[in-house]
Amino acid sequence: MKALQYTKIGQHPEVVEIEKPSPGPGQVLLKITAAGVCHSDEFVMGLSEEDYTAGGYPLPLTLGHEGAGVVDELGEGVEHLQVGDAVAVYGPWGCGRCRPCSQGKENYCVNASAEGIKPPGLGAPGSMAEYMIVDDPRHLVPLGDLDPVQNVSLTDAGLTPYHAIKTSLPKLGAGTFAVVIGTGGLGHVGIQILKALSGAQIIALDVSDDKLELATHVGADHVLISDEHAADSIRELTGGLGANAVFDFVGAPPTVALATSVAASEADVTLVGIGGGTAQVGFGSIAYDAAVRVPYWGSRSELIEVLDLARSGRVSVETQRYSLDDGPAAYEALAAGTVRGRAVIVP
Ligand code: NAD
Ligand code: ZN
């Protein structure tokens with residue numbers, strides 16, 4: 001079968017021919033219907049050889065941690081799934097036994113690292129292939145009649161902002177302000193989730209007018225270019241008080257500095273992007289009682305919830321399709337900043 005793999009440190013990913021896997025006991029083989037292209041893959045492929053190895057990533061690595069497919073074959077002992085079922089993959093795989101896993105929060109599994117359990121596409125073979133092995137049926141969620149290409153990215157670009165935003169909802173009643181920094185894959189879904197679940201006015205920031213046009217299209221109330229004037233503009237829009245929640249989907253040094261500087265008293269500053277920035281926190285360097293959070297992905301139940309939001313029409317991912325053969329081009333477009341919403345690979 002064909003797969004898109006990262007094969008050499010520092011090189012572009014390439015389409016290769018590999019053997020079609022077959023499911024072992026308890027596993028499920030999916031025929032992939034869609035696979036989303038995330039900036040985190042770009043981050044992983046940008047690591048030095050030393051950091052890549054230290055991170056425990058294998059070479060070659062079949063990419064794709066956003067996946068949707070149709071059940072193709074069931075391993076021995078798998079019940080409650082049928083060949084032909086349309087499913088989405090819950091990506092942050094954990095041990096399934098520890099306390100967070102028991103709560104469906106496998107994103108915070110306490111055993112994954114010790115047991116070498118890795119998410120698909122970020123260690124285990126991912127969804128950018130014609131077929132993929134899912135290690136356990138609990139890592140599958142029914143898609144029902146949701147279109148896989150339109151909705152595959154909800155497994156990360158939807159789930160991650162959903163988890164980040166849901167935690168801050170008590171601070172986002174009517175009359176409040178939420179700032180979204182970076183309106184790409186995660187950010188443009190985050191704006192819609194804020195719109196659907198909170199009473200906040202949304203101030204969205206990005207670096208180009210094209211990106212801001214998408215932000216307005218998906219519901220941002222105010223848009224700003226993310227530059228040295230942005231903090232003043234946010235202060236002005238919020239009556240001098242700052243924002244009640246800031247979601248930084250870039251996480252670079254300048255955006256993290258901006259995020260903490262525009263936080264109101266008792267605000268949540270949530271750093272989702274992994275752009276190498278760190279927050280300065282101390283008495284006098286951030287508003288009183290502001291909290292800084294660094295969430296990772298989301299829980300299985302939150303994935304079900306975000307798919308329900310899509311089913312009710314309140315969240316929709318802006319997608320650009322690529323074939324598996326054109327997968328490398330999707331990553332080039334992502335790196336060039338020309339993807340509107342999310343690039344999705346359709347094998
Ligand atoms: P993306 O490339 O689709 O979107 C990033 C957006 O940020 C782009 O629109 C870009 O123009 C904009 N941007 C870049 N620099 C900016 C700046 N200085 N100010 C404002 N906007 C700026 O990326 P994505 O797939 O949405 O991922 C966003 C980030 O979240 C990445 O760092 C990714 O690795 C990370 N991520 C984290 C988690 C998690 O669990 N914490 C999960 C998924 C992705
Ligand atoms: Zn991701």
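How many salt bridges does the rule find across the interface of domain 1 and domain 2? The rule finds two, a salt bridge being a side-chain nitrogen of Lys or Arg within 4 Å of a carboxyl oxygen of Asp or Glu.

Colleagues, a word on conventions. This is a predicted model, in which local features need pLDDT of at least 70 and side-chain atom pairs count only at pLDDT 80 or more, while totals for chains, interfaces and linings use all residues. Residues are numbered from 1 along each chain as its sequence is written, chains are lettered from A and ligands numbered from 1 in the order in which they are written, and side-chain values use heavy atoms, with hydrogens and water left out.

The protein chain is assigned domain 1 (2-156 + 298-346) and domain 2 (159-293), with bounds from an automatic or database domain assignment. Their C-alpha centres lie 27 Å apart. To the contact (heavy atoms within 4.5 Å), domain 1 contributes 25 residues and domain 2 contributes 20.

Between them the domains bury about 1900 Å², 56% of it on carbon and sulfur atoms; buried area is the accessible area (1.4 Å probe) that two parts lose on being put together, summed over both. Within domain 1, Asp-156, Glu-302 and Arg-340 lose the most area to domain 2, together 26% of what that side buries.

I turn to one side-chain pair. Lys-166 and Glu-305 form a salt bridge, at 3.0 Å from N to O. On the side of domain 1 that touches domain 2, helix H11 (300-311) gives the most, with five residues; helices here are DSSP runs (H or I, at least four residues), numbered from the N terminus.

Note on methods
Helix = DSSP H or I, 4+ residues; strand = E, 2+ residues; numbered from the N terminus.
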